[in-house]
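Subject: Structure handover

Hi,

Here is the structure I promised to pass on. Please open it next to these notes.

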Amino acid sequence: ILPGLIDVHVHSEDWHAPLYLAKGITTVRDVGCELESVLARRSRWGEPDAAAPRLICTGPMLDGPGNTWRASTRLVHSPQEARDQVTYLVERGVDQIKAYAFLDWPCFAAIVDEAHRQGKFVVAHLGKQTNARKAVEAGLDELEHLSGVSEAMWPEQNAAAETWDWVQLWARLDPERMARLVDLFLERETWLAITRLVWLRFATVWDSRHGQHPQMQYVPAPLQQWWANRFPAEPEKTRFPQGMGPPSRLERSQQVAAMALFTGELIRHGAKILIGTDTPFPYLAPGFSFHDELQALLECGLGEAAALQAATLSGARALEMDHLVGTIEPGKRADLLIVRGDPTADIQALQQIEAVLKDGHWFQPDELLARAAAYAETAQPSPQRRFDDSY
């Protein structure tokens with residue numbers, strides 16, 4: 001019997017709920033969604049008998065011009081506008097704040113300062129104008145995707161380039177520069193949601209086996225079509241953010257290899273690792289991708305016990321709710337995962353699920369999966385935008 005699992009990086013939709021619970025995930029954090037939609041979902045999923053995980057949210061991402069995810073972003077153009085947007089989101093009741101990749105440095109710094117002034121934890125996906133060193137030194141609480149890391153290791157090349165060449169910068173991995181940045185993460189106790197699996201998927205969208213995996217039976221056809229359109233197998237046909245050329249297959253392979261080495265150094269030195277998936281980006285099925293992410297981090301050197309702590313107590317601490325979830329003890333919510341076998345000896349035991357409890361309500365995985373499969377078979381495209389104009 002274990003505490004319920006926590007996915008700290010998702011972009012939620014209603015159909016995800018039974019899949020998360022079926023795979024033992026009783027809490028998720030949405031880090032980028034249209035505000036009204038996610039607030040309503042947080043309320044629905046929080047009903048006492050809801051067949052859904054507990055939902056924490058940042059609301060829409062705060063970003064600068066150039067952002068490609070219009071439906072889940074609020075653009076800011078000045079530090080004062082950035083502060084105003086933080087205040088608006090806090091007043092509307094979001095749990096935390098998310099900063100995104102196209103913010104200029106003054107706006108990013110204003111978001112972190114204003115959020116902290118109002119007592120809010122800040123997560124960020126960084127870009128060309130704000131690298132990981134600058135962000136962490138400014139007080140960033142949590143870094144997503146190892147974004148801004150290659151730019152921080154090679155700031156002179158990043159500043160000199162007219163385009164955003166972060167993928168190519170990873171191929172320049174240097175042990176001394178890497179060690180200095182790892183030391184900074186340790187010194188500032190920065191939380192790190194590695195989301196290794198999403199980069200592995202981006203690097204291998206050419207691999208047709210992803211779409212043939214059995215878990216795809218739970219993914220509605222409209223999303224699978226969006227994946228195929230938005231992330232085609234040929235890099236030159238892929239839509240990339242403004243100012244960033246499409247990386248080649250070789251460059252992507254170098255990127256994920258270097259990220260694995262960097263992640264290994266974080267693990268070696270005891271950095272604060274979290275488990276996030278970025279569901280539902282390419283070939284990431286809700287719930288299933290969480291276990292794939294755990295496996296990907298074990299392949300970088302994370303031990304089984306450390307992986308379980310990252311998936312439970314560490315997630316609860318980063319979501320600022322370890323007084324409620326993350327461990328099994330008197331006074332906390334009855335979020336429990338009952339499995340066959342010992343996942344500290346073999347992480348695959350974590351998928352041998354007998355039952356899941358959320359707030360003391362008992363759920364059978366088979367029933368939840370059947371509900372999800374039935375929805376996937378009949379789902380039709382929605383007129384509501386989710387990430388951009390096409391989905």
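Below is what came out of it, topic by topic.

**Ground rules**

This is a predicted model: local features need pLDDT of at least 70, side-chain atom pairs count only at pLDDT 80 or more, and totals for chains, interfaces and linings use all residues. Residues are numbered from 1 along each chain as its sequence is written, and side-chain values use heavy atoms, with hydrogens and water left out.

Helices (H or I, at least four residues) and strands (E, at least two) are DSSP runs, numbered from the N terminus. Buried means under 20% relative accessible area, exposed over 50%, and partly exposed in between (1.4 Å probe, protein chains only).

Two strands count as paired if DSSP finds at least two bridges between them. An open sheet of 4 strands runs in the order β1-β12-β13-β14, with antiparallel pairing. Its edge strands are β1 (2-3) and β14 (361-363), each pairing on one side only.

β12 (residues 336-339) pairs with β13 (residues 353-358) in the antiparallel sense, over 4 bridges. Leu 336 has Leu 357 of β13 as its bridge partner. For Leu 337 the partner in β13 is Val 356.

On to β14. It is joined to β13 by 3 bridges, and the two run antiparallel. Lys 358 stands opposite His 361 in β14. The two strands β13 and β14 form a hairpin with 2 residues between them. Asp 359, in that turn, has a positive phi of about 55 degrees.

β13 is largely enclosed by the rest of the structure, because 5 of its 6 residues are buried.

**β3, β4 and the cysteines**

β3 (residues 25-30) and β4 pair in the parallel sense, over 4 bridges. Asp 30 stands opposite Cys 57 in β4.

In a regular strand the side chains alternate between the two faces of the sheet. In β4 (residues 54-57), Arg 54 and Ile 56 point one way. Leu 55 and Cys 57 point the other way. All of these β4 residues are buried.

How many disulfides does the structure hold? It holds 0. Cys 57 is in no disulfide, and the nearest cysteine sulfur, that of Cys 33, is 8.4 Å away. The cut-off for a disulfide is a pair of cysteine sulfur atoms within 2.5 Å. Cys 57 has 0% relative accessibility, so it counts as buried. Cys 107 is buried too, with a relative accessible area of 3%.

**Pocket and cavity**

Rolling a probe the size of a water molecule over the atoms shows where empty space is left. The search uses a 1 Å grid over the protein atoms alone. A cavity is a set of points where a 1.4 Å probe fits but cannot get out. A pocket is an open set with protein on both sides within 12 Å along at least five of seven lines. Lining residues have an atom within 4 Å of a point. Grid points are joined across faces, edges and corners, and a volume is the space filled by probe spheres set on the points.

The largest pocket holds about 620 Å³ of space. Its lining has 39 residues, with Trp 199, Phe 202, Phe 231, Pro 241 and Arg 252 nearest the centre. Two elements give two or more residues to that lining: α10 (196-203) and α13 (249-268). α10 gives the most, with 4 residues. The lining divides into 24 nonpolar, 9 polar and 6 charged residues. Here Ala, Val, Leu, Ile, Met, Phe, Trp, Tyr, Cys and Pro count as nonpolar, Asp, Glu, Lys and Arg as charged, and the others, Gly among them, as polar.

There is 1 cavity of 30 Å³ or more. The largest cavity has a volume of about 40 Å³. Its lining consists of His 291, Leu 294, Gln 295, Ile 347, Gln 348, Leu 350 and Gln 351. That makes 3 nonpolar, 4 polar and no charged residues.

α14 (residues 288-298) is mostly covered, with 9 of its 11 residues buried. Among the buried ones are His 291 and Leu 294.

Ala 316 is found in α15 (residues 304-318). It is buried, with a relative accessible area of 0%. Beyond its neighbours within four places in sequence, Ala 316 is in contact (heavy atoms within 4.5 Å) with Ile 6, Met 321, Asp 322, Val 325 and Gly 326. Ala 316 and Tyr 100 are 216 residues apart in sequence and 23 Å apart in space, C-alpha to C-alpha.

Best wishes
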